[in-house]
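Subject: Structure handover and notes

Hello,

Here is the structure I said I would pass on. Please open it first and keep it beside you while you read the notes.

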Amino acid sequence: MTLNPRNRKARDIELEVSEPATGRVEFPLIGTDRKRVEGLDVACIIPLLQACPGDETESLFACADRTRKGFVGDSVHIRGIIEFSNYCVRSCMYCGLRRDNRKLRRYRMTPDEILAASENGIRSGYRTIVLQSGEDPYYSASDIARIVEGIKAFGDVAVTLSVGERPRSEYATMKAAGADRFLLKHETADAELYRRLHPGASLETRIECLQNLKGLGFQVGSGFIIGLPGQDIATIARDITLLKELDVEMAGIGPFIPHPDTPLASYPAGDVTMTLKALAVARLALPHANLPVTTALSTLQKDGRQLALSCGGNVIMPNITPAKYRELYEIYPDSASLKDPEDGGIGEIAGMLKAVGRGVSATKGDTLPREKRPIPARDEASFQ
Ligand code: SAM
């Protein structure tokens with residue numbers, strides 16, 4: 001594998017990689033149609049992730065931005081997230097909500113509180129409500145189903161759930177109640193690393209849950225963490241191809257941020273540029289997907305939202321959890337979302353988007369089924 005730009009103009013950059021089938025792949029894939037880009041495999045992705053600072057990286061980001069524009073347009077979907085419980089039965093080595101973190105004060109919102117926060121969000125203009133929690137069996141599938149029905153009764157809004165691993169039958173109950181989408185990150189595609197970071201859990205089970213969700217008709221989101229101790233660049237490339245194999249509609253890619261009350265407290269945070277490069281490559285590999293700007297990225301980088309929006313991102317998820325609970329949902333310290341106003345700052349976001357030539361989506365932001373996806377005009381579909 002060679003990587004050889006040496007200060008040439010961005011449009012002239014070539015990243016070469018030996019590839020048995022086609023000999024070599026050029027970057028930024030000048031004149032290549034989207035099918036070839038979507039066919040990226042691990043050997044092809046690694047050099048993109050190794051793009052050097054300067055022209056190469058800029059070229060990758062610009063390519064992802066054009067792809068985003070061509071396939072999902074300039075509108076940004078704004079989803080209001082309510083973090084309704086910080087109880088968790090898991091002990092993920094990186095997460096501040098882990099069961100073994102005895103220092104954290106725990107809370108659960110009542111169904112009425114969740115519905116009130118959802119109604120406020122909908123009044124503020126959100127067309128998707130995301131309900132997230134630690135993995136907390138206190139809420140049965142029918143409890144969640146009733147909450148979903150309650151939110152749906154407020155109007156024409158989508159509901160996304162992110163409540164962890166459950167049996168297929170429980171996901172079916174939630175789907176039958178009207179839940180539209182489900183977020184469950186695979187976290188890392190390296191099965192051995194997954195096992196070490198998630199005691200008592202397995203990547204295999206995680207993937208089975210994602211497949212069950214897909215089979216039930218949810219729009220499914222997965223994603224992974226950049227900078228986990230033990231991860232290397234090949235792992236990240238594999239993370240991206242796994243997203244493709246799972247045929248996800250959404251993918252969240254954020255940096256690891258160490259939490260002082262976890263076993264990974266002393267490890268460095270994930271790299272912001274690598275997070276942006278992974279997001280950009282994910283956009284090339286999954287051009288139709290909804291790719292959020294993660295809060296973890298905005299936490300490490302003040303202008304993280306704007307940067308991620310220019311590298312393939314097209315979704316923002318402001319925090320609309322009632323203020324009294326927010327700082328208790330401490331996945332990692334000093335989350336950027338603590339600064340979000342009670343309504344998530346939807347007005348400020350609209351202003352920021354306008355300033356960067358984007359706009360707030362007027363739709364719920366569903367990912368269209370494969371057969372209904374428009375095929376962009378040739379000049380939008382290619383990456384020149
Ligand atoms: N329980 C649900 C689940 O398992 O999908 C959702 C809640 S979980 C707290 C939400 C996400 O937080 C995880 O998918 C993980 O990627 C992220 N996360 C947790 N700790 C983190 C950390 N220290 N740095 C970055 N992301 C973290």
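The notes below go from the whole chain to single strands, single residues and the ligand.

**The whole chain**

Please keep in mind that this is a predicted model. The average pLDDT over the chain is 89, and 87% of the residues score at least 70. Residues 1-25 have a pLDDT below 50, and in the model this stretch has 44 contacts beyond near neighbours in sequence.

The chain has 384 residues, and 47% of them count as buried. It contains 15 helices and 12 strands. Of the contacts with a separation of 6 or more, 76% are between residues 24 or more positions apart.

How many of the 6 residues of strand β5 are buried? The count for β5, residues 128-133, is 6 of 6, so this strand is largely enclosed by the rest of the structure. Thr-128, Val-130 and Gln-132 point one way from β5, while Ile-129, Leu-131 and Ser-133 point the other way; all of these are buried.

β5 pairs with β4 (residues 80-85) in the parallel sense, over 5 bridges. In this pair, Ser-85 is opposite Ser-133 of β5. Between the two strands the chain runs through helix α4 (residues 111-124), and this β-α-β crossover is right-handed.

β5 also pairs with β6, again in the parallel sense and over 5 bridges. Here Ile-129 is opposite Val-159 of β6. As background, the strands of a sheet pair through backbone hydrogen bonds, either parallel or antiparallel.

**The open sheet**

An open sheet is built from 4 strands in the order β10-β11-β3-β12, with parallel pairing. Its edge strands are β10 (292-293) and β12 (359-360), each of which pairs on one side only. Within this sheet, β3 (residues 75-78) and β11 (residues 315-316) are joined in the parallel sense over 2 bridges. The bridge partner of His-77 in β11 is Val-315.

**Two buried residues**

Leu-161 is in strand β6, which covers residues 158-162. Why does Leu-161 count as buried? A residue is buried when 20 or more other C-beta atoms lie within 10 Å of its own. Leu-161 has 26 other C-beta atoms within 10 Å, so Leu-161 is buried. Leaving out residues up to four places away in sequence, Leu-161 touches Leu-131, Ile-144, Met-174, Ala-179 and Phe-182. Ile-81 is 80 residues from Leu-161 along the chain, and their C-alpha atoms are separated by 9.7 Å.

Ala-308 is in helix α12, residues 304-309. With 27 other C-beta atoms within 10 Å, Ala-308 is buried. Its contacts, not counting residues up to four places away in sequence, are Leu-276, Leu-279, Val-293, Leu-297 and Gly-313. The C-alpha atom of Ala-308 is separated by 9.5 Å from that of Lys-277, and these two residues are 31 apart along the chain.

**Two residues with positive phi**

Most residues other than glycine have a negative phi. Glu-187 has a positive phi, near 70°. Asp-334 also has a positive value, near 55°.

Where does Glu-187 lie? Glu-187 is in the loop between β7 (181-183) and α7 (191-197). Asp-334 is in the loop between α13 (323-326) and α14 (346-355).

Is each of them buried or exposed? Glu-187 has 22 C-beta neighbours inside 10 Å and so counts as buried. Asp-334 has 12 other C-beta atoms within 10 Å, so Asp-334 is exposed.

**Around the ligand**

Which residues come nearest to the ligand? Of the 19 residues around the ligand, the nearest are Cys-95, Gly-164, Lys-185, Ile-331 and Tyr-332. By class, the shell around the ligand has 10 nonpolar, 6 polar and 3 charged residues.

Regards

Methods:
Residues numbered from 1 in each chain as written. Predicted model: local features only at pLDDT ≥ 70, side-chain atom pairs only at ≥ 80, totals over all residues. Near = placed C-beta within 6 Å. Nonpolar A, V, L, I, M, F, W, Y, C, P; charged D, E, K, R; others polar. Pairing = 2+ DSSP bridges. Contact = placed C-beta atoms within 7 Å. pLDDT = per-residue confidence, 0-100. Right-handed = clockwise from strand over helix to strand, strands pointing away.
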